[in-house]
Amino acid sequence: MEKEKTVRPVTDLERATIRRVTLRLMPFLMVCFFFALLDRVNVGFAALQMNKDIGLSPTVFGFGASMFFVSYFLVEVPSNLALEKFGARRWISRIMITWGFISAGMSLVVGPKSFYVMRFVLGAAEAGFFPGVVLFLTYWLPSIYRARFIAIFMVSIPVASFLGSPLSATLLGLDGALGLKGWQWLFICEGLPAALLGVACLFVLTDRPANAKWLSEEQRSWLIERIESDSSRKAAIGHLSIWQLLRNRHFLVMAMVCAGASATGSALAIWQPQILKSFGLTIMQTGFLNSVPYGIASVLMILWGRHSDRTNERRWHTALTLLLSSVGLGCIGLTSGMLALTVMLLSFALIGAYSFKGPFWALTSGLMSPKTAAAGLAGVNAISNLVGGGSISLVGMIKQSSGSFAVALLPLVLLTAVGGISVLLMTREKRPLTVTNVK
């Protein structure tokens, strides 16, 4: 017989505190992440003009685009440790200012070598932003609230492509203005806002609840006590060094699981515009149609994260999303050139890849002790992004050799299917946590 779930009442103080924290931090962090993702994936749209202008083949472009993730992998853990040492306010500001100027500097590439170098430097500059924000949110949000708010924060990922696709297509239309190519305008206009937001971080963010003058004394005390209570619970991954983490099975499985969603999101962000363009669409038509799957995914990932918190269930909420992505990607080869069906299957793949994120990061942060979280969260994200970057290059090579995007996406089908099954196997003995009737 299924065990009866307990329900904990939510006080007015709790509701008021969480609402205040949410309104203070979430909108600003979402805007910052929007530009982080826009500056990471806008190269997919720039490629519609840039590849011909500077002589990039599909293999060269795929390899160059993936260089971002190599430096991202190398720098991410040190960056997150630096955030813990220097404080989120200053470190996130540093990250954003640096990547903003480098992203704008992508307008200066003239060939394969400069393209490789700039993508590599951009990855190093942005490394640590996402896991740093996830770590930062663990300082401010009790565990029971994390899936929904991480999902709300991460809705910036599909929104970046939903809004960024027509925006990027419009900027490409500036081709020739003031002597610049359209793809150069794209990089400049989408890169510089990130640097300005980096300056704003110094005034908007607060490192810890104890320093939050915008909370009442009663709210600060409640939040500090609640976060400390969450932190005192025994975690599956205790206090480990970086080298011990690399031998921990929970850590390695979580990194592999995350790699499936990361590879799907990264590969489609770069290659989906070209998949759709292959149906004979104009650049503007490609931009608007490319935004459709991301718009759907934006809504559903919030609802899925909210449902995960309401039921306090992480295992199936994580696994089912990966399996949905696998099915969507695997069936693209059966569409027989039908555009509407292809868009529907791409939507399935992206809904899975993005709805995965809220439950997964809530599950992962709950498996780690507070002393391990900085390196652990960054490590999981770094490894998954390295695989994601490799998938971009792999899709390009398979596409060039086979001439088929459906064939090129098959490695992602396998990776997401294995990831979904691995979540179910690794967590099959974990007990469900207490459910809270939060609204």
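A: Asp309 is buried, at 0% relative accessibility (buried means under 20% relative accessible area, exposed over 50%, partly exposed in between, with a 1.4 Å probe and protein chains only). Its side chain meets that of Arg314 in a salt bridge, 2.8 Å from N to O; the term stands for a side-chain nitrogen of Lys or Arg within 4 Å of a carboxyl oxygen of Asp or Glu. Arg314 also counts as buried, at 10% relative accessibility.

The model is predicted, so local features need pLDDT of at least 70 and side-chain atom pairs count only at pLDDT 80 or more, while totals for chains, interfaces and linings use all residues. Residues are numbered from 1 along each chain as its sequence is written, and side-chain values use heavy atoms, with hydrogens and water left out.

The whole structure holds 4 salt bridges. One of them joins the side chains of Arg226 and Glu14, at 3.8 Å from N to O. This pair links distant parts of the chain, 212 residues apart: Arg226 lies in helix α10 (residues 217-231) and Glu14 in helix α1. Helices here are DSSP runs (H or I, at least four residues), numbered from the N terminus. Both Arg226 and Glu14 are buried.

Helix α1 (residues 12-41) also contains Asp12 and Arg15, 3 residues apart, or about one turn of the helix. Their side chains form a salt bridge with an N to O distance of 3.7 Å. Asp12 is exposed, with a relative accessible area of 64%, whereas Arg15 is partly exposed at 33%.

Technical notes. Helices (H or I, at least four residues) and strands (E, at least two) are DSSP runs, numbered from the N terminus.
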